[in-house]
Each structure stands twice: as C-alpha cells, then as structure tokens.
2 protein chains.
Amino acid sequence: MKDIAFILYPGLTLLDLVGPLQVLNSMCERNPQFRTVVVGKDLDPVKVDVPLLLTPSATIQDIRSPSVVVVPGGAAGTIKAMGDEELLGYLKEVAESAEYVCSVCTGSLLLAAAGLLDGREATTHWGCSRILELLGAKYVRKRWVQDGKFFTSAGVSAGIDMALKLVSMQADEATARSVQLGIEYDPEPPFGRIKWREVDRNQLLPYLRTQIKNHLSDKPALISRLSDL
Amino acid sequence: MKDIAFILYPGLTLLDLVGPLQVLNSMCERNPQFRTVVVGKDLDPVKVDVPLLLTPSATIQDIRSPSVVVVPGGAAGTIKAMGDEELLGYLKEVAESAEYVCSVCTGSLLLAAAGLLDGREATTHWGCSRILELLGAKYVRKRWVQDGKFFTSAGVSAGIDMALKLVSMQADEATARSVQLGIEYDPEPPFGRIKWREVDRNQLLPYLRTQIKNHLSDKPALISRLSDL
C-alpha cells in the first residue's frame, strides 16, 4: 500500500488541500494499491480558512514513509507554519524517502523553509514568488514545476492541474483522463482567463510583510532571510 | 448580514462543497455584508468521500433564512440523502425565501427530490441526467444553468465556475475577477479538455441503479419514480 499524505495544519486554504485530494483519492478508487491519508500533528480538529473544522485521518507519528507528500498553502496560516519546526522537521524527514514531494500555492514556502528547495526550480502563488526566492528556490512562472522529486504548483486551483499530472505519473494517462471525467474538469471560467498583463504581482507584499512580522517574530533567522522582501 | 449556506451531509463529494465555498468565502472577505456558513443537521463531525471528518459551523435549526443555499452532490451519499425527508424538508423551506438556490453536480437530484425543480431547466453530473429528468426537471447539457432562482451546475469542478458567476451576481464582475485571481483560477488541464464524443454517458447507470436499490428501498414512491432508469 502506497500512502499519499496530505498535510493538514491550521489556517490552510481549503481548496489547496481538497483539489488534489479529490483527484488523488479518485485515483485510489481506481487503483487500490494507493491510499490517501490526511495527516495532522495529532487527531484534533483543525480550523482552516473557511467555516469548517477538519479532523485528519492520521498523525505525523503514524505516517513515517509516505510515497507522495502534498503540502497545501494558505495565507497567514502558512506564514505562521513557516516557523513550525516540528512540521518542517516532518517534511524534511518524509521528503527523503518519498517518491514525490508536492506543494500547492504557498505550500512551496514551507518546503523552502524546510531547506528542501535550495537551488531548485519551483513555483508558488503569483503574489509570493519573492518569498520563495529569498528562501533559496528559483521561481518559475508556470502552472506547475517539476524538479527531481519536487513538484510545486501555482496558486490554489493549480493544485488540480498538478494532481492530474501526478496521476498520469503514478498510474497512467488513461487513469488521469478518467479522473478528469469523473470530476467533470472541463473548466469554463465565466469571465475567461486571468488577464496577467493587468495584474500587479507586488500587490500582496504589504500584507505578507505584516504577516511575517506578526507570526515569525520569534524566528530571527527566518526574519533575517526575508528582510529584503 | 446575508448568509450563504452550504449543506453538509454524509458521503458528499468534498470538492463539490469546497470549490464554491472557497470562491464565495473569498467574496465574503472582500464584502463583509456576506457570511458563509456550513450547515449540518447537528454539529457532529460528518464523514465525506475522502479521509476527513468535517464539523459544520451551524445547524439547520440555526440557519432558517439564508440568502443563498448551495447543495453539493456526491455518489452513494447523495442517493441516500434523496431519501432524507428532514434534509429535503429543510431545502424546501429555505428555498422559499432564498434569493438563489444552487447545486453542484448531483446536488440537483436533492433539489429535484424535494420537488423544487419540477418543470425547470437544470443540470447535473454528466452521468446522472436521466435521474434528474425522472425527478421532473428538464436536463440541459451546460456547465451551469439558471432558471429563476435555481442555479445548478454540472459535475464536481463545475461548481467553481458557477460560484464565480454567482459572485458577479451577488457583488459585481470586478469582485468575481478578483476572487478568480486570488485562487489563481487559470486552468491548464494537463491533458486538455474532456473529449465528450468519446464519453458513454450511460456508463454510470448500473452503479446508480444499485445505489438506488441499496439506499432507497424504504422509499417506494421515489423508487417508483426512478423505475425507468
């Protein structure tokens, strides 16, 4: 049995978790050698960024060698998690034996804070690329980026695209297409695509600086690495 | 304060709930006259179709006149819920005063089972259109369908598209675009769009017949309406 472990921590953006979880869980239904698990520090319910409490299915003590790890992102909750040494230690440990280490959105900042993306190509939410670079990764402006076993996706909904790609790599393309059909992923954004030329990619910096100041004040080494933000 | 109520019930497909919840919660962050609530029959944690327990933020006793109702779909869990008279009674009641009554995927089967879609245009997951028709709605093969206050979407991920449209109607198009940017919804399905010409839309019928037989055996009136499936 291969475990596909999704990391659950307080304040994460729920769609970062659930997009890939739905996709990879659908793969498990078609291919029972895989199993999805949602891993928390303990089994207590966790508050996320929408009005729901989520109870994980396993703890970081239970799942020591997952085949795939998926780290969701978020806003303030993820900045705070960048200072969570127990969580970062767990990511470092499971990354060693995992076949793929994946992140959605700002989940890549946690991988980078754990020292896992040093010198590697990676991506993140469009508004957070500078943090990723300050933490040692080479930011690439793509929907998803693979560098060795590290598989990072852009913001929130990009996790669905990345997860379908991952299904094709763990199973095959036919399975990925079958999962895509099952979740009827044939997108029709009502106002078309994002008009990137009109987007100021620095607009989140004041918010991010405040969050870093508020949540990482007891982590001087991290604060110092991010001082040029 | 306008409540946007998401219905939580056992066995639902989590992405049906979380896609629109993330989108509409993002609208609430930008426009605090709105609030999202996740409504269960009680506050007990609910099992869904992935390994997570979800605790709702309110009960059907608490939320009597939401402005918007969103009903997620699912597979076996939704077929079972079609026989849940307390849930259907709640949907009927809140539909009277709500401004919009929405469904994702097979959530429309619950609206139809509650008698809310009689003679109305509606949509559902591609594999379940025949059930929707047997329950009195006029199935339309679209990503989302509006008929009066009823707003139904196609399968699972279609709820994201519908919710962005709904944001433009509840707030404005600029807010919808801002939410779309926030969740970086600029889809790139790795294997392109669904090839509908290759899809057998009847392939789920044997599974659905079994689920109906297993879960609705104590609902002879419903079984009889679905006997031609």
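Predicted model: local features only at pLDDT ≥ 70, side-chain atom pairs only at ≥ 80, totals over all residues.
The place where the chains meet comes first. In this interface, 48 residues of chain B are in contact with 48 residues of chain A. Several elements of chain B each supply at least two residues to the side that touches chain A, namely α1 (14-30), β2 (34-40), β4 (53-55), α6 (158-170) and α7 (173-182). The element that gives the most is α1(B), with seven residues. Sorted by class, this side of chain B has 28 nonpolar, 11 polar and nine charged residues.

Strand β4 of chain A, residues 53-55, pairs with β4(B) in the antiparallel sense, over three bridges. Within this pairing, A:T55 stands opposite B:L53.

The next topic is the strands within a chain, beginning with chain A. Strand β6 (residues 68-71) and strand β7 (residues 100-103) of chain A run parallel and are joined by four bridges. One facing pair here is A:V68 in β6(A) and A:Y100 in β7(A). Strand β7(A) also pairs with strand β11 (residues 150-153) of chain A, again in the parallel sense, over three bridges. In that pairing A:C102 stands opposite A:F151.

In chain B, strand β11 can be followed in more detail. Strand β7 (residues 100-103) of chain B runs parallel to β11(B), and three bridges join them. There B:V101 stands opposite B:F150. Strand β10 (residues 144-147) of chain B runs antiparallel to β11(B), and four bridges join these two. Here B:Q146 stands opposite B:F151. Strands β10(B) and β11(B) form a hairpin with two residues between the strands, and in this hairpin B:G148 takes a positive phi near 65 degrees.

Which residues of β11(B) are buried on each side? In a regular strand the side chains alternate between the two faces of the sheet. On one side of β11(B) are B:F150 and B:T152, on the other are B:F151 and B:S153, and all of these are buried. Both faces of this strand, residues 150-153, are therefore covered, since a residue counts as buried if 20 or more other C-beta atoms lie within 10 Å of its own.

A:R120 is found in the loop between α4 (107-113) and β8 (121-122). A:R120 counts as buried because it has 20 C-beta neighbours inside 10 Å. Leaving aside residues up to four places away in sequence, A:R120 touches A:A137, A:K138, A:D147 and A:F150. Of these, A:K138 is 18 residues apart from A:R120 along the chain, and their C-alpha atoms are separated by 5.7 Å.

The last topic is helix packing in chain A. Two packed helices are described by the angle between their axes and the distance between the axes. For helix α6 (residues 158-170) and helix α7 (residues 173-182) of chain A, the axes come within 7 Å and cross at roughly 145 degrees. This crossing is right-handed. The contact is made by A:L164, A:V167 and A:S168 of α6(A) with A:E173, A:T175, A:A176, A:V179 and A:Q180 of α7(A). These residues divide into four nonpolar, three polar and one charged.

Helix α7(A) also packs against helix α1 (residues 14-30) of chain A, at an angle of about 115 degrees and with the axes 10 Å apart. The crossing of α1(A) and α7(A) is right-handed. The residues in contact are A:V23, A:S26, A:M27 and A:R30 of α1(A) and A:T175, A:S178, A:V179 and A:G182 of α7(A). By class they are three nonpolar, four polar and one charged. A:T175 and A:V179 of α7(A) take part in the contact with α6(A) and in the contact with α1(A).

Technical notes:
Residues numbered from 1 in each chain as written. Chains lettered and ligands numbered in written order. Contact = placed C-beta atoms within 7 Å. Nonpolar A, V, L, I, M, F, W, Y, C, P; charged D, E, K, R; others polar. Pairing = 2+ DSSP bridges. Buried ≥ 20, exposed ≤ 12 C-beta atoms within 10 Å, placed from the backbone. Axes fitted to C-alpha atoms, helices over the stretch in contact; angles between N-to-C directions. Left-handed = near helix turned anticlockwise from the far one by under 90°.
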